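Thank you for letting me take a few minutes of the meeting.

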Amino acid sequence: DVKVTQSSRYLVKRTGEKVFLECVQDMDHENMFWYRQDPGLGLRLIYFSYDVKMKEKGDIPEGYSVSREKKERFSLILESASTNQTSMYLCASTSQGNTGELFFGEGSRLTVL
Amino acid sequence: AQSVTQLDSQVPVFEEAPVELRCNYSSSVSVYLFWYVQYPNQGLQLLLKYLSGSTLVKGINGFEAEFNKSQTSFHLRKPSVHISDTAEYFCAVSVGGGADGLTFGKGTHLIIQP
């Protein structure tokens, strides 16, 4: 069964802490994505990656960075967490040349106090 | 750039009644269209997708959607809903194979009343 796995389902962090959200996929997909989900705003794209060590900014990259050292792993980094980054974070992947259909992880709910 | 509008943020429906969730999109080029469902505290799961061909698309759990190019719509329907259909539903569009990801609507919360 194909899968996108997010390492943490629930996290609570303090303002100013560095936060790592990890995502691993076992489908050999080239493209990986990080979205942020907030009530009434839907899903907004933070960053995506076409390939190892490649990254592209999405619609709301401010305050975030990403790392893709291996094809199957895509990490989202909050260098200094702030309360307005409290949200649900969703990782997704797809193969190149696909229709765009995304395969999602279960989500990571981050609370910043 | 493309965009997606889900016209209702919340739709209450009685159990066993039919439901329609509305979705309109804007794009200057051909698109692929998707509906995803999100159950509480879970990720998104694909319900159905339109790529080409027949404009009526059938998906999982008895859902179907109709692509209407002239009205740029992709409304989701189910003839008889169950309590288990309570969830958030997202319409999404991709352009050119979706290498840049999908563009999502803001979601519609389907509330099933007994």
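**Charged pairs, within and between chains**

Let me begin with B:Glu66, which is partly exposed, with a relative accessible area of 35%. Before going further, please keep in mind that this is a predicted model. The side chain of B:Glu66 meets that of B:Arg77 in a salt bridge, with 3.5 Å from N to O, and B:Arg77 is likewise partly exposed, at a relative accessible area of 27%. In chain A, salt bridges that share partners join A:Arg36, A:Asp38 and A:Arg44 into one network.

Over all chains, the count comes to 13 salt bridges. One of them joins the side chains of A:Asp28 and A:Lys71, at 3.0 Å from N to O. This pair links distant parts of the chain, 43 residues apart, with A:Asp28 in the loop between strand 4 and strand 5 of chain A, and A:Lys71 in the loop between strand 8 and strand 9 of chain A. A:Asp28 is exposed, with a relative accessible area of 53%, whereas A:Lys71 counts as partly exposed at 27%.

Now to the place where the chains meet: how many salt bridges are there between chain A and chain B? The count is one, and it is formed by B:Lys49 and A:Glu101, whose closest N and O atoms are 2.6 Å apart. A:Glu101 counts as buried, at 9% relative accessibility, while B:Lys49 counts as partly exposed, at 30%. The contact as a whole takes 23 residues from chain A and 22 residues from chain B, and the two chains bury about 1700 Å² between them, 52% of it on carbon and sulfur atoms. Across this interface there are also six residue pairs in polar contact. On the side of chain A that touches chain B, strand 5 and strand 6 of chain A each supply at least two residues, and the residues of that side divide into eleven nonpolar, eight polar and four charged.

I would like to finish with A:Arg68, which lies in strand 8 of chain A. A:Arg68 is buried yet has no salt bridge, and the nearest side chain of opposite charge, A:Asp51, is 5.8 Å away.

Key
Residues numbered from 1 in each chain as written. Chains lettered and ligands numbered in written order. Predicted model: local features only at pLDDT ≥ 70, side-chain atom pairs only at ≥ 80, totals over all residues. Heavy atoms only, no water. Contact = heavy atoms within 4.5 Å. Buried area = accessible area lost by both parts, 1.4 Å probe. Salt bridge = Lys/Arg side-chain N within 4 Å of Asp/Glu carboxyl O. Polar contact = N/O pair within 3.5 Å; in protein donor to acceptor, adjacent residues only side chain to side chain. Helix = DSSP H or I, 4+ residues; strand = E, 2+ residues; numbered from the N terminus. Nonpolar A, V, L, I, M, F, W, Y, C, P; charged D, E, K, R; others polar. Buried < 20%, exposed > 50% of the residue type's maximum accessible area, 1.4 Å probe, protein only. Lys, Arg positive; Asp, Glu negative; His and termini not counted.
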